[in-house]
Amino acid sequence: MDSFELGRLTDHDFEEVCRDLFTELLGVPLEIFPRGRDRGVDLRHDPEGGPCTIVQCKHWYRSGRAKLLAHLTDEEVPKVAALKPDRYVLATTVGLTVDAKEKLRAAFAPHIRSTEDIHGVDDIVAALRE
């Protein structure tokens with residue numbers, strides 16, 4: 001268990017932590033939205049005339065990697081394709097292997113630029129420690 005106990009957070013609490021963390025990591029302010037259907041957008045930086053960045057937060061702490069990957073590829077990829085962001089960043093409370101990150105990068109291409117835009121629980125905890 002990580003020292004931040006991310007499993008104790010609600011889905012919206014996790015989004016708030018991610019907003020603060022990714023505002024710092026990406027160097028841009030991020031909008032956050034209330035609970036409810038989000039069309040695949042939890043956090044967003046969408047300046048007028050500038051590139052749009054979407055951060056999707058998946059708090060699937062107990063669901064496991066296989067369920068998360070299936071959900072993302074089956075349900076989230078079509079949403080992202082319709083949104084057409086310039087950059088798509090994924091944050092999750094699930095641990096992600098090298099193979100899982102590569103599979104996600106390929107599924108979300110070209111919106112996920114590299115595996116550095118895919119943050120599993122270990123990446124998030126490391127960034128919080130910094």
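Student: Which residue just after α2 takes a positive phi?

Tutor: That's K84, with a phi of about 55°. Keep in mind that this is a predicted model, where local features need pLDDT of at least 70, side-chain atom pairs count only at pLDDT 80 or more, and totals for chains, interfaces and linings use all residues. Residues are numbered from 1 along each chain as its sequence is written, and side-chain values use heavy atoms, with hydrogens and water left out.

Student: Where does α2 bend?

Tutor: At E76, by about 45°, and a proline, P78, follows within four residues. The bend is the angle between axes fitted to the seven residues ending there and the seven starting there.

Student: What makes E76 and K58 a salt bridge?

Tutor: The rule wants a side-chain nitrogen of Lys or Arg within 4 Å of a carboxyl oxygen of Asp or Glu. In K58 and E76 the closest N and O atoms are 3.1 Å apart, so the pair qualifies. K58 lies in strand β3 and E76 in helix α2, so the pair ties together parts that are 18 residues apart in sequence. K58 and E76 also belong to a salt-bridge network with K79.

Student: How many salt bridges are there by this rule?

Tutor: There are 7. One of them joins R87 to D117, with the closest N and O atoms 2.7 Å apart. R87 lies in strand β4 and D117 in the loop between α3 and β5, so this pair links parts 30 residues apart in sequence.

Student: Why is D117 called buried, while R87 is called partly exposed?

Tutor: Buried means under 20% relative accessible area, exposed means over 50%, and partly exposed is in between (1.4 Å probe, protein chains only). D117 has 3%, so it's buried. R87 has 22%, so it's partly exposed.

Student: What makes Y88 and F108 a stacked aromatic pair?

Tutor: Rings of Phe, Tyr and Trp (its six-membered ring) pair if their centres lie within 6.5 Å; planes under 30 degrees apart are stacked, over 60 edge-to-face, and the rest tilted. Y88 and F108 sit 5.0 Å centre to centre with 20° between the planes, so they pass both tests for a stacked pair. Y88 lies in strand β4 and F108 in helix α3, so the pair connects parts 20 residues apart in sequence. Both residues are buried.

Student: What is a nonpolar core?

Tutor: It's a set of buried Ala, Val, Leu, Ile, Met, Phe, Trp, Tyr and Cys residues joined through side-chain atoms within 4.5 Å. The largest one has 17 residues, and those with the most contacts inside it include L72, Y88 and F108. α2 gives the most to this core, with 5 residues. Another core, of 14 residues, lies apart from it and has L6 and V125 among its members.

Student: Which residues does L72 touch, leaving out those up to four places away in sequence?

Tutor: K58, V77, L90, L104 and F108, where contact means heavy atoms within 4.5 Å. As for α2, its buried residues pack against β3, β4 and α3.

Conventions: Helix = DSSP H or I, 4+ residues; strand = E, 2+ residues; numbered from the N terminus.
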